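The entries follow the order of the look-ups.

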Amino acid sequence: MDTKVVGMRIKGEGSYKEILTDEALGFLEQLERRFGQRRKELLEARLNRQKRFDEGGSPGFLDETEHIRKLAWTVDELPEALKDRRVEITGPVDRKMMINALNSGANCFMACLEDATSPTWQNVMEGQVNLRDAVNGSIHYSQPGGKEYRLNGEGAVLIVRPRGMHLVEKHIELDGEPLSAGLVDFGLHLFHSGPKLAATGRGPFFYLPKLESHQEARFWNDVFIFSQKAVGLPRGTIKATVLIETITAAFEMDEILYELKEHSAGLNCGRWDYIFSYIKKFRARGVLPDRSTVTMTAPFMRAYSLLTIKTCHRRGAPAIGGMAAQIPIKGDPAKNEEAFRKVRQDKEREARDGHDGTWVAHPGLVQVAKDVFDGEMPGDNQIGDKRLTGLQITAEDLLQLPEGTITEAGVRLNINVGIRYVAAWLKGQGAVPINHLMEDAATAEISRAQLWQWIRHPEGVLADGRKLTLELYEAIKQEELTRIKDEFGTAYEEKRFPEAVALFDDLIRNDRFEEFLTLKGYDIL
Ligand SMILES: CC(=O)SCCNC(=O)CCNC(=O)[C@H](O)C(C)(C)COP(=O)(O)OP(=O)(O)OC[C@H]1O[C@@H](n2cnc3c(N)ncnc32)[C@H](O)[C@@H]1OP(=O)(O)O
Ligand SMILES: O=CC(=O)O
């Protein structure tokens, strides 16, 4: 469908007229024309950085920005709505789940168009409708069978996570090229809800995913400056929290806060993507052990989270913790208690280390995290706590390879979870419960990246002495597929497992490491 914007075409089905208004599309056009090329250049810089790592180079703290790390400065004052973020619930932009999240009792709700949302056109467009209705307070949902869902009062403060820079939105083209997905998600939400949110002091707030450098933070800062002017908001109204979820960004935390200074709402430890990034960036080097053994207490993960807290507090910014993958387990009180215990332990470590809040994946976990932070954090946040000021975290600390073994069970789990996740994603679900754990794009990336690396790396050897080869991968995969087929029976095809297996196989078998599984998957979504 052609639009009134010259050169712009909508290729997705359904008109979504209330979201894709001429004015909103005009705004997307301006964003793309101003920032689309720069996004591509930043992606090119990522590839060049990877080349250097493949040739043995290492990331380090940058010489050219030493002055930024040395000088005393702080980010701008936080708005009232973001001072107390002790519990943030995350979830996709699904209508019912959004209402549940907003009503969950959490301080904030991170509405995710990234890892927790499969970017079908329908999900993306309906997500925007849901965001707009949530901001208007008019959001409601009638469950087939009778249950009604409505907002109970103001609800959690909304923070929107647009898609990462690597993704495009193929359903909207400008001059024959797809738009930048992150700019679409950001732009539509800002255009429809920014002024309304600003009027109440509850936004517009964003989470910025998968940044690799301070230049990418500068990109977003420039997008914010331009966009605020375009929609009539004072400079500094938008606040953004950057996820530190790539190993390279961990070396540029000060610089990232500095670039976003007047728009910064601190940093968050995106632990799952961080592990994925570590494997991806250093795939030619040492191997990581089984996914389940790489936890936040591994020295390199601990160094990263402590550095995040230290850096944020020095700069007057909040340092938000990450996501424990456990979710409530129905029908098994003992296992459920064990899951809750693990989440509690994780949140206690975060609160005691000095984090200013944390993430939970499920409404049933809000109270657990709240109790921990209420107990450990008497004020709104711990930004004033400078305990970590003298802590020295070196490049070696951040890069230290975790110890542990690779087991057949770990290989099996990676194959099983990876294929199940990709099938769910192809069916339009971006976050799923598998083996009582939350799985989303970030956790699935770890699974496939580990398999890819273990097969090719000489140290990809199981604890029993067998080298993981393509042949062994294939044999285990066939056994796991038998289990999946037994479980799904005649629904196997309808659930898109054949395509999921083909895609997963391609990611593992191809010697070229695919940057993101969602990039490859988007072609057939
Ligand atoms: C690595 C990262 O990027 S982390 C951030 C991105 N990932 C996420 O945000 C994942 C968030 N979590 C989820 O999506 C979900 O909790 C899942 C998919 C893991 C499990 O969901 P379900 O299988 O629906 O869980 P369950 O059956 O226990 O849900 C019970 C109720 O809680 C609701 N619920 C579960 N999780 C959430 C959530 N995160 N937000 C809002 N509501 C939720 C369900 O909709 C359901 O509601 P209902 O009783 O009104 O029908
Ligand atoms: O985005 C969060 C993560 O843990 O990855």
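Which polar backbone atom lies 2.7 Å from an oxygen atom of ligand 2? I found that this atom belongs to Asp 273, where a polar contact is a pair of N or O atoms within 3.5 Å, and within protein one must be able to donate a hydrogen and the other to accept it, residues adjacent in sequence counting only if both atoms are side-chain atoms. Taken alone, ligand 2 exposes 200 Å², of which the protein buries 97%, with accessible areas from the Shrake-Rupley method and a 1.4 Å probe, and for residues only the protein chains shown counting as cover.

I noted the conventions before going on: this is a predicted model in which local features need pLDDT of at least 70 and side-chain atom pairs count only at pLDDT 80 or more, while totals for chains, interfaces and linings use all residues. Residues are numbered from 1 along each chain as its sequence is written, chains are lettered from A and ligands numbered from 1 in the order in which they are written, and side-chain values use heavy atoms, with hydrogens and water left out.

I then listed the shell of ligand 2, taking residues with a heavy atom within 4 Å of the ligand, and it consists of Asp 115, Arg 161, Glu 245, Gly 270, Arg 271, Trp 272, Asp 273, Trp 359 and Ala 442. Helix H9 (residues 271-281) gives the largest share, three residues; helices (H or I, at least four residues) and strands (E, at least two) are DSSP runs numbered from the N terminus. An oxygen atom of ligand 2 is also 3.0 Å from a polar backbone atom of Arg 271, and another entry places a polar side-chain atom of Arg 161 2.9 Å from an oxygen atom of the ligand.

I looked up the annotation next: an unreviewed UniProt entry lists Arg 161 and Asp 440 under "active site". They span 280 residues in sequence, yet no two of their C-alpha atoms are more than 14.2 Å apart, so they gather at one spot. Such annotations may be inferred rather than shown by experiment.

Arg 161 is in strand S6 (residues 157-161) and counts as buried at 4% relative accessibility, buried meaning under 20% relative accessible area.

Asp 440 lies in the loop between strand S15 (437-439) and helix H15 (441-456), and is buried too, with a relative accessible area of 9%. A polar atom of the Asp 440 side chain lies 3.0 Å from the backbone nitrogen of Ala 442.

Terms used. Buried means under 20% relative accessible area, exposed over 50%, partly exposed in between (1.4 Å probe, protein chains only).
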